[in-house]
Amino acid sequence: MSTGDAQTTLIDRFGRVHTDLRISVTDRCNFRCTYCMPAEGMQWLDRADLLSFEEIERISRVLVETAGVRSIRLTGGEPTVRARLPLLVEKLAALGVELSMTTNGATLPLVAQQLRDAGLDRINVSLDTLDAQRFVELTKRNELAQVLEGIDAAVAAGFEPVKVNAVLMRGTNDDEVLDFLRFGRERGVTVRFIEWMPLDAQGAWDDQTVVTYDEILRTARREFSFGAVERGHQPAERFVFDGDDAMDGPGGEFGVIASVTQPFCGDCDRMRLTADGQFRNCLFAIRHLDLREVVRGGGSDDDIVRAVAGEVDEKWSGHQIGNAVFIRPSKSMSQLGG
Ligand code: SAM
Ligand code: SF4
């Protein structure tokens, strides 16, 4: 950590400066995606264990005003199942950060405009199949139509770009790459394919089931012409359709997030706060800091920053998926806040 004049830079031992905070607002969800949580038997957090909106706002404000946080992403569980979410959005938008949310999209027909009006800047919708029957198998819910309507509602509400994230799994939905690319172009949204990670509740992940970056591009080239563009600080490698396939707007590009075969750990600027106030310096971290205890125990703003900075300082170089030393987190993605 480096401090000076009440300003702290959240920098770790590898020189990575941390400016992005992902906040899970609930561990609950209206879906049961097979790669994320079991269909039955999830143990939910008690309401009293969740950070209140006031606590989330305080932690965010302190980190924005004195520790260089510039972007906040709301996630979960499914963030839109947290009651009165637009109120939290309003509080966080007032901090002047780039504010975004990851959602399964099913409730967006009802809340997209409200969230936009409250100050949300960007939306990512997670959607892993365009086939109605497969959607039921993957999510245990018959709500593909609502998600598609939700994507349109997000575009209509003025979110730009709306990104649609698809996690690809071999033998499950790896035959939908071209369908998704056509979908993105038709709907004017940026599709991003994500290599799936060993965070599934059932432990079904193994490296043979990962549909790799290389495979995705090979498939995409069967129908489309495109070129890579500068990726900047983003985890997604970006590709813009060119030649006869070129087009303007969010539908004119797609991305691949190669979390497993080409991890972006070296550029990682992310920190996470779980719904019950655990601060984690990595999605795969085995340690965490109980920030809720700092806050509820009467900690000052300085105590919050010092605790967070100490935890960032301890961050490891990367997750080591695929290596013998990799340790699989005991919590699922929905509990960690993906
Ligand atoms: N419920 C919201 C949603 O589905 O977008 C937000 C939370 S969800 C845990 C965040 C993201 O994690 C989603 O895009 C989901 O596809 C992704 N995810 C969940 N389990 C995953 C896994 N094992 N590997 C890769 N991504 C995963
Ligand atoms: Fe819910 Fe998102 Fe997990 Fe699916 S991926 S079960 S929508 S939290």
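This is a predicted model: local features need pLDDT of at least 70, side-chain atom pairs count only at pLDDT 80 or more; totals for chains, interfaces and linings use all residues.
Start with helix α1, which spans residues 53-67, and helix α2, which spans residues 85-93. Their axes come within 10 Å and cross at roughly 20 degrees. Angles under 35 degrees count as roughly parallel, so α1 and α2 are roughly parallel to each other. The crossing of the two helices is right-handed. On the α1 side, the contact is made by F53, E54, I56, E57 and S60. On the α2 side, L85, L87, L88, K91 and L92 take part.

Is I59 buried or exposed? Its relative accessibility is 1%. Buried means under 20%, so I59 counts as buried. Leaving aside residues up to four places away in sequence, I59 touches L51, L273, L291 and V295. L283 gives another reference point for I59. The two are 224 residues apart in sequence and 19 Å apart in space, C-alpha to C-alpha.

Now turn to ligand 2. Which residues surround this ligand? They are C29, F31, C33, Y35, C36, M37, G77 and N104. This shell divides into six nonpolar residues, two polar and no charged.

Next comes the backbone. Most residues other than glycine have a negative phi, and most peptide bonds are trans.

R84 is not a glycine, yet its phi is positive, about 60 degrees. R84 sits in the loop between β4 (71-75) and α2. Its relative accessibility is 58%. The cut-off for exposed is over 50%, so R84 counts as exposed.

K140 also has a positive phi, near 65 degrees, and is a residue other than glycine. Look for K140 in the loop between α4 (132-139) and α5. How exposed is K140? With a relative accessible area of 38%, K140 is partly exposed.

Going from E160 to P161, the bond is cis, with omega near 0 degrees. P161 is found in the loop between α5 (144-156) and β7 (162-168).

Terms used: Residues are numbered from 1 along each chain as its sequence is written. Chains are lettered from A and ligands numbered from 1 in the order in which they are written. Side-chain values use heavy atoms; hydrogens and water are left out. Axes are lines fitted to C-alpha atoms, for helices over the stretch in contact, and angles run from 0 to 180 degrees between N-to-C directions. Helices (H or I, at least four residues) and strands (E, at least two) are DSSP runs, numbered from the N terminus. Angles under 35 degrees count as roughly parallel, over 145 as roughly antiparallel, 65 to 115 as roughly perpendicular and the rest as oblique. A crossing is left-handed if the near helix is turned anticlockwise from the far one by less than a right angle, and right-handed if clockwise. Contact means heavy atoms within 4.5 Å. A residue is near a molecule or strand if one of its heavy atoms lies within 4 Å of it. Ala, Val, Leu, Ile, Met, Phe, Trp, Tyr, Cys and Pro count as nonpolar, Asp, Glu, Lys and Arg as charged, and the others, Gly among them, as polar. Buried means under 20% relative accessible area, exposed over 50%, partly exposed in between (1.4 Å probe, protein chains only).
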